[in-house]
Each structure stands twice: as structure tokens, then as C-alpha cells.
Amino acid sequence: MPLSFFDSVRSALRTCLKRGRKQTGPVFQKTLVEGFAGNCAQTFTGTPVVRLAQYFQTAAESAHALGKSYITFTMLFFAQTHPANGPRTNPNVTLALICLAIFLGAVDLTIVSAVLPKMMVDLRVSIDAELNRAAWVVSGYLLAYTVSMTFMGRLSDLIGRRLVYLVCLVVFIAGSIIVAVAPSSGGTLLSGLNIVIVGRLVQAFGAGAMVPISMALVGDLFPPERRAPALGVIGAVDTAGWMTGHLYGGVLMRAFDDWRLLFWINVPLGLIALALTWRALRGTPQARAAGPFDWPGALLISASLTALNVGLAAGAELGATDFYGERIGPPPYAVPLVIAALATLAAFVRVEQRSRAPLLDLTLFRDRAAAAACVVNTLVGFALALAIVNVPLFINTRLSLFNASDPDILRRAAWEAGWTLSALTLTMALAALPGGWLTSRFGERWPTIGGLLLALAGYLLMSGWQADSGYLLMTAELILSGIGLGLVIAPVATAVINAVDAERRGSASALVIILRLIGMTLGVSVLTLWGMQRQDALRRAGASDPLASGDPASFLANVAAQVIGETFLIGAAACALALLAAWLMHRRV
């Protein structure tokens, strides 16, 4: 990034100090946006980035007017709500502002899915020889996102949530810049792909910590009876972010045709979010826990999660075949890594039991409601992953088999799979909001049970999908499942966070997200390990079927539908097990 950009930031801050506190927001935004646009135009003239710079230049005045109205309103609201001699922010406004950064980080979980092929071409990556390495652009983000949560939540308990939250936002912005400046060529070590992967890891390290810290902030800002709706808002924003990431990326690529813009645009948006949240969090209580940071525990749980994710993700290589067309099976490192993950997890538990200041207080699991909520959360992540992978897989397979000669079939399949899957993810995000309200009225157990019953019904219905099932039927059943899974988000998080004191909310909040991600990883692994083998078995068993030779496309579509249906039955079984655990989510008074 050119130094002139940082000069613009410095100039904006200097101007703000001269104008006084009341005009800080609008002045900072106007100076920064206009300076960023001008410097981009000067530095990147002749490149596709200049189109984004021109967009900022044209929109500077309208952005200034909009931002001035919004920020001035926010500042006046703060000033009227609390006296100047004791700055305290309205918790609802604070919640709204921290959700801006959550949405940015969540969007980047899936944004690359829309642009990875274009990135590989621009970075001169061989699709045949280096596809596995390019996959780390996606899987590396998810891994760093998960590992970051393990200890950043606890770190916020020790040194203050405001400081850690703002530092993580700065780290996310820095990672975006690293990705955006990646060269199209370079040496083996400093190749464009390697720099992109490093930038994505840095991005995720910052973004992964923001969700659990925000959940812990809810515990600090809201009394117990008001936490569930606020946690529902965070769950809805987080879900909506990763749900719309691929759509957001596709729209920007269609408009500008440059994947780097997806990361450059994070810089001004991130800095605006940084300025707003810095102001909003000034009045947030800054309670700090006593004791040292548990480095042995942090290293062990990070190693365990890394080994587990890499080992289970190796199942994706089961799609490869040898010279004779037989499945090669999992790579030789997969099983040892999973065993190593279990061994380091056992060592982590042992260390935490003996630690005076553990990273994760295992006494949390003595609370029956919290322990049951953890089980429910893992199983919900498992079932969710099956649906997220199954729906695009089924639609792509069906369309490709029956429209093999259509040169545009992949684009059509991506479009139809995207809007069909949104029936699940969009309703899940929306249902998180009433889930929080129901939890505040009826406690954690009954909303969880109600949501799981709806999800169970949805998965059982989806297990009946056929090769010729219509989109209307599929969408209705996905909506039912999405409502059920969404209703579970807030009560599960509330049960865990309410089980700990203020000094442990950061680590407890991280546990909520980590368990869901572990469940999703297990779900994808089971789908790959079992689905591939089951598909091969059905194809071999039906080799003598007249349909296999007479109409092979219909035969293979029926095989795919059967495998998908059986996988949804596994998801229904996970929902049923979660129902048994949800019955225990009743906190004894």
C-alpha cells in the first residue's frame, strides 16, 4: 500500500483534532474517503483498480452527506443518553456498530468462492498441479478463523474487550491489504498465491476473534434477561455475512472484473467501522480478569484444532482415482493427524485441570444446561454442513447430467444452487432474531426444542428428494429447516454465556462458535467419506439395471438422489440426538 494512503489517514486524524470532538465523525469520513480515492487514482492509474477509485471520487460527496447524517445522529444520541462527564453509550447503538465489523469478517468467509477461479488465472496457478494448494485460500481462512477464537476470547477477558476488539479489526484490515497487493508473479516463496494465503490467514486471525468478543460484550452490556435478543442479532448478522459472501463477491466481480477490489474495499469500510466502534466502546465497562495467560493450553488446543481440520479435510481427496478408475482412498497423513488431534485434546484437558488460570474453565461443563447446549451446538453445526454441501451438489449433478451439451450449464447451476440454498441460510439468519426474543420469554430449553423439531421435520422431508423434485418443494422444505436451525442460535449461546461469570465470558463465547465449526467440519468429512463410497457401491450394484445402459443420465441422477436422501437422514438423526440434549437445557434455580 503506498505511503500516500497513510498520509491521508494521518491528515484526516489531524483535521479531526482541530475541528473538535463533535465533528470528528463526519470530518474523518470526508477527509479519508476523498483522500483514499485521490491517492488510489494517482497510484493505480492504468489498472482496473482505478475504476473503484473513480467510484469513490464520484461518491465522496454523497457518502459524506450520508455518513454525516448517520454519524451525527449517533454522536447526538450518545450525548443525549449520557452526560459528558461520564461517557456511556447506549448498548443498543453499541451492538449495532460492532455488528458492522462482524458482517465484514463473516462476508470474507465465503467471498472467495465466487472469485477463486479468476484468482488462480491471474496468479498463474496451474489448476491441474496446484489446485490443492490453492484450496488453502479458503480452508486456511476457516482454520485461522477457528484457531483465533480459541485464545483471543480469553485474551479479551484479561486485557479488556475494547482493546482486543479494535486490534483484531486492524489486523483484519492489514490482512485485506496483503491480499490486495499480492503480485501476479514472483519466486517460489514469494509467489502471488503464497502471499494471498498469508493475507487470508492474517485476515481470519482478526475476523475470527470479533464474533466471540462481541458475544462477550453482550454479556457486559446487557443484563441476563436482555442478553438473548442481543445474541440473536449477532447470530443473524454473522449468518447473513457468510451467507451473502459469494453473492457480494459475484456482484463486485461482475461490476469491476478485478478480484483485488474485493479486498481493497475492506480498507475504507474497515477504517470507518474502526472509527465508529472506537467511539462507541469508550463507555463500555472494562473489567479485566486476574491471572496469567494460559500459553500451554492455547498451544495445545490450537494444535488439536489444526490437526483435526487438516486431517478431516483430507477426505476431500477421496474424489481422486488411480489409473484403473478405483478410489485411491484418504491420503496417508489423514488418520495419523486425527489421532494426533485427539491426543493433543486429551493433553489440553489434563493441562486445563491443573492450571490455576485455565484458557477454558472446564467447570463450565458441570452446568447441565451449558453442557447440553454445547452438545446441541455441535450437532446443529453437523446437520447444517450436510445441507450446505448437499444442496449445491444435488442441483449441479442433476443439471449437468441432463444438460451435458449446454456450454453455460455451470453458470446456470451456480445461480440456481445459490438462490435455492438461500432458502435455508436466509431464513436461518432471520429466525435467529425471534429465537432471541422467545428465549427471553420462555428460557433456553423450549425455543431450542421447538427449533430442533422443525429442523427434524425439514430434514426428514428433504430425505425424500427425487431426481425430478421441483424447486418449489425443495425451497419450502429448506425454509422449514432454516427456521428450525435459526431458532436454536440464541438460546444455545445464552445458556453457555449465562453459565460463567464476567471474567470468563470471552472464552465461553469462543467455545460456542468453535463447537459449531467443529460440527460443520465433521459434517463435511462424513459426507465425503461416506457419500463417495456409497455412490460407488450403488453404481456398481445397479450395473445390471436396464436403466444404466438405456438412460445413464437418469440412472446416475437416481443414484445421486438416493445418496443425498440418505445423507439428509443422517442430518435428521443429528437433530434427534440434539433434541435429547436440549431436554437437559433447564437451569436449576
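Trainee: Which helices each supply at least two residues of the lining of the largest cavity?

Mentor: Rolling a probe the size of a water molecule over the atoms shows where empty space is left. A cavity is a set of points, on a 1 Å grid over the protein atoms alone, where a 1.4 Å probe fits but cannot get out, and lining residues have an atom within 4 Å of a point. Helices are DSSP runs (H or I, at least four residues), numbered from the N terminus. Here α9 (192-221), α10 (224-256), α18 (471-497) and α19 (505-541) each supply at least two lining residues, and the largest share, 5 residues, comes from α10.

This is a predicted model, in which local features need pLDDT of at least 70, side-chain atom pairs count only at pLDDT 80 or more, and totals for chains, interfaces and linings use all residues. Residues are numbered from 1 along each chain as its sequence is written, and side-chain values use heavy atoms, with hydrogens and water left out.

Trainee: What is the volume of the largest cavity, and how does its lining divide?

Mentor: A volume is the space filled by probe spheres set on the points, which are joined across faces, edges and corners. For the largest cavity this is about 90 Å³. Its lining holds 8 nonpolar residues (Ala, Val, Leu, Ile, Met, Phe, Trp, Tyr, Cys and Pro), 2 charged (Asp, Glu, Lys and Arg) and 2 polar (the others, Gly among them). Among the lining residues are G235, D238, T239 and R516.

Definitions and conventions: On a 1 Å grid over the protein atoms alone, a cavity is a set of points where a 1.4 Å probe fits but cannot get out, and a pocket is an open set with protein on both sides within 12 Å along at least five of seven lines; lining residues have an atom within 4 Å of a point.
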